[in-house]
Amino acid sequence: MMGLWPPAPPVEGPPPKPWVNLMVGVNGVGKTTTIGKLAAQRTAGGQRGLLAAGDTFRAAAAEQLEIWASRAGCDCVRQAEGADPAAVAFDAVQSAVARGLDFVFIDTAGRLQVKHNLMEELAKVHRVVAKALPGAPHQVSLVLDATTGQNGLSQARLFTERVPLTDLILTKLDGTAKGGIALSVAAELRLPIRYVGVGEKVDDLVPFDPAEYVDGLLD
């Protein structure tokens, strides 16, 4: 049966508009690609939104996000390379509010969890987004690479010390990766696994299916 694990608490009333999702994780886990896939799903459902290029350090990061935004039919808010990521996020959320858009996905630079200054910068992005729209971000997704071993648990612990994580997204589950560490993270931190990435195509991001996932671990 398809669903989140552990189960997410019920949500009462209509979702906030715009719904702001902050995407976090270490280098190379696939945050930008995941944002593009999620945005494409939302626009296919008739929603309108923005992507925020909060990774202002990695070469061509904003260009990559703009390509995904074009595929998804979204606009992309970006600034010059080396700009303050919090400023990018603030501008994107304010723009979405002014335009009456449905969602904002905020990309962030991949960071090693041991880099204190970068983790503090992530906390700043979270604070600034809340100033742009009280209650935001409504979702803070930690993206984990399925090939990550026990280090994935330490990653999750340290990220949740800086920002209030709401859920997990597991990427790169295609091939031989089992992704068993995701169950340990979900169990310890009580975070639902929301999506699983199984490839590079725009539709290769599927809702987490507990039964199918366990079958894959046992193969």
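**Figure 1. Crossing of helices α5 and α6 in the predicted model.** In this predicted model, helix α5 passes α6 in a right-handed crossing. The axes of α5 (residues 151-162) and α6 come within 9 Å, and the crossing angle is roughly 35 degrees. On the α5 side the contact is made by Gly152, Leu153, Ala156, Arg157 and Thr160. On the α6 side the contributing residues are Ile181, Ser184, Val185, Glu188 and Leu189.

Figure 2. The phi angle of arginine 190 is near 55 degrees, a positive value in a residue other than glycine. Most residues other than glycine have a negative phi. The relative accessibility of arginine 190 is 58%, so arginine 190 counts as exposed.

Figure 3. The protein as a whole has 7 helices and 8 strands. Its 219 residues include 50% that count as buried. Among contacts between residues at least 6 apart in sequence, 78% join residues at least 24 apart.

Figure 4. Strand β1 (residues 19-24) runs parallel to β5 (residues 139-145), and 4 bridges join the two. In this pairing methionine 23 of β1 stands opposite serine 141 in β5. Strands β1 and β4 also run parallel and are joined by 4 bridges. Here asparagine 21 stands opposite phenylalanine 105 in β4. Strands β2 and β4 pair in the parallel sense over 6 bridges. Leucine 50 stands opposite valine 104 in β4.

Figure 5. Strand β4 is mostly covered, with 6 of its 6 residues buried. Both faces are covered: one side carries Phe103, Phe105 and Asp107, and the other carries Val104, Ile106 and Thr108. Phenylalanine 103 has a relative accessibility of 0% and counts as buried. Phenylalanine 105, at a relative accessible area of 2%, is buried as well. The count of aromatic pairs comes to 1. In this pair the ring centres of phenylalanine 103 and phenylalanine 105 are 5.4 Å apart and the ring planes lie at 55 degrees, so the pair is tilted. Planes have to be over 60 degrees apart to count as edge-to-face.

**Figure 6. Arginine 71 and the ring of tryptophan 68.** Arginine 71 lies over the face of tryptophan 68. The distance to the ring centre is 4.6 Å.

**Figure 7. Two cis peptide bonds.** Most peptide bonds are trans. The bond from lysine 17 to proline 18 is cis, with omega near 0 degrees. Proline 18 lies in the segment before β1. The bond from alanine 136 to proline 137 is also cis, and its omega is near -5 degrees. Proline 137 is found in the loop between α4 (116-132) and β5.

**Figure 8. Alanine 130 of helix α4 and valine 20.** Alanine 130 lies in helix α4. With a relative accessible area of 30%, alanine 130 is partly exposed. Alanine 130 and valine 20 are 110 residues apart along the chain, and their C-alpha atoms are separated by 9.9 Å.

Methods:
Residues are numbered from 1 along each chain as its sequence is written. This is a predicted model: local features need pLDDT of at least 70, side-chain atom pairs count only at pLDDT 80 or more; totals for chains, interfaces and linings use all residues. Side-chain values use heavy atoms; hydrogens and water are left out. Two strands pair if DSSP finds at least two bridges between them. Buried means under 20% relative accessible area, exposed over 50%, partly exposed in between (1.4 Å probe, protein chains only). Rings of Phe, Tyr and Trp (its six-membered ring) pair if their centres lie within 6.5 Å; planes under 30 degrees apart count as stacked, over 60 as edge-to-face and the rest as tilted. A charge sits over a ring if NZ of Lys or CZ of Arg is within 6 Å of the ring centre and within 35 degrees of the ring normal. Axes are lines fitted to C-alpha atoms, for helices over the stretch in contact, and angles run from 0 to 180 degrees between N-to-C directions. A crossing is left-handed if the near helix is turned anticlockwise from the far one by less than a right angle, and right-handed if clockwise. Contact means heavy atoms within 4.5 Å.
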